[in-house]
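Subject: Structure handover and notes

Hello,

Here is the structure we discussed, for your files. My notes follow below it.

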Amino acid sequence: MTGAQKRVALLCDLSCAGRCSASIALPVLSAAGLECALLPTVLLSTHTGFAGAVRQPQAELMRRTAAHWRTLGLSFDAILIGYLGGAQALAAAEEFVKDFKTDGTSLVVDPAMADGGRLYSGYPADFPQRLAPLAARGRAAAECRRGGAAAGENTRAGSYGK
């Protein structure tokens, strides 16, 4: 890789057991040569596929960490948003994007909130509609996997909540 190392902000859950979330994303991003700044949205004892997962929302930590990063003058080439875990983390993520996304920052929103048409536990019924404005500001993860839009191009992220 030539030039300065790209810095990515990763806003997603940290599941202490189970092969998902930040435990998977961090090594993949690092292997791709990216510097990754993790901003956990919720700490989970296991991913939500396990019964009785213990959860500790991190919206306040997200806000305090973002404030610290602003004092340091950190900037990001990309912001990747995954599992939020609830409305408070969504609000903190929206604030983060408002504060850190520039014209040169790619935004990818993975609407990790449901399987088989059923919302994950902990999400209110209106969560897809609440997430839609943020998702519309960036590229949907599925579109990135398909290679649908040009690199760095922001496009509408599809139809959420249907």
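Which residues does L39 touch, not counting residues up to four places away in sequence? In this predicted model, the partners of L39 are L10, L11, C12, L61, M62, T65, W69 and F96. L39 itself lies in strand 2 and is buried, because its relative accessible area is 1% and the cut-off for buried is under 20%.

Overall layout

The protein chain contains 5 helices and 8 strands. Their order along the sequence is β-α-β-β-α-β-α-β-β-β-α-β-α. Of its 162 residues, 37% count as buried. Taking contacts between residues at least 6 apart in sequence, 66% join residues at least 24 apart.

Confidence

The mean pLDDT of the protein chain is 84, and 84% of the residues score at least 70. Where pLDDT is low, the predicted coordinates should not be read in detail. Please bear this in mind if you set up anything that uses those contacts.

Strands 1 and 2

Strand 1 pairs with strand 2 (residues 35–44) in the parallel sense, over 8 bridges. Within this pairing, V8 is opposite C36 of strand 2. Strand 1 is largely enclosed by the rest of the structure, because 7 of its 9 residues are buried.

Two loop residues

S21 sits in the loop between strand 1 (7–15) and helix 1 (22–31). Its phi is positive, at about 60 degrees, although S21 is not a glycine. Most residues other than glycine have a negative phi. S21 counts as buried because its relative accessible area is 15%, against a cut-off of under 20%.

T46 is in the loop between strand 2 and strand 3 (55–57). Is T46 buried or exposed? With a relative accessibility of 15%, T46 counts as buried. Leaving out residues up to four places away in sequence, T46 touches S15, A17 and A53.

Helix 3 against helix 4

How do helix 3 and helix 4 lie relative to each other? Helix 3 (residues 87–100) packs on helix 4 (residues 127–136) with an angle of about 5 degrees and the axes 10 Å apart. Angles under 35 degrees count as roughly parallel, so the two helices are roughly parallel to each other. On the helix 3 side the contact is made by A87, L90, A93, E94 and V97, and on the helix 4 side by F127, R130, L131 and L134. These residues divide into 7 nonpolar, no polar and 2 charged.

In short, the points to check in the viewer are the positive phi of S21, the buried L39 in strand 2 and the packing of helix 3 with helix 4.

Regards

Note on methods: Residues numbered from 1 in each chain as written. Predicted model: local features only at pLDDT ≥ 70, side-chain atom pairs only at ≥ 80, totals over all residues. Heavy atoms only, no water. pLDDT = per-residue confidence, 0-100. Helix = DSSP H or I, 4+ residues; strand = E, 2+ residues; numbered from the N terminus. Buried < 20%, exposed > 50% of the residue type's maximum accessible area, 1.4 Å probe, protein only. Axes fitted to C-alpha atoms, helices over the stretch in contact; angles between N-to-C directions. Parallel < 35°, antiparallel > 145°, perpendicular 65-115°, else oblique. Contact = heavy atoms within 4.5 Å. Nonpolar A, V, L, I, M, F, W, Y, C, P; charged D, E, K, R; others polar. Pairing = 2+ DSSP bridges.
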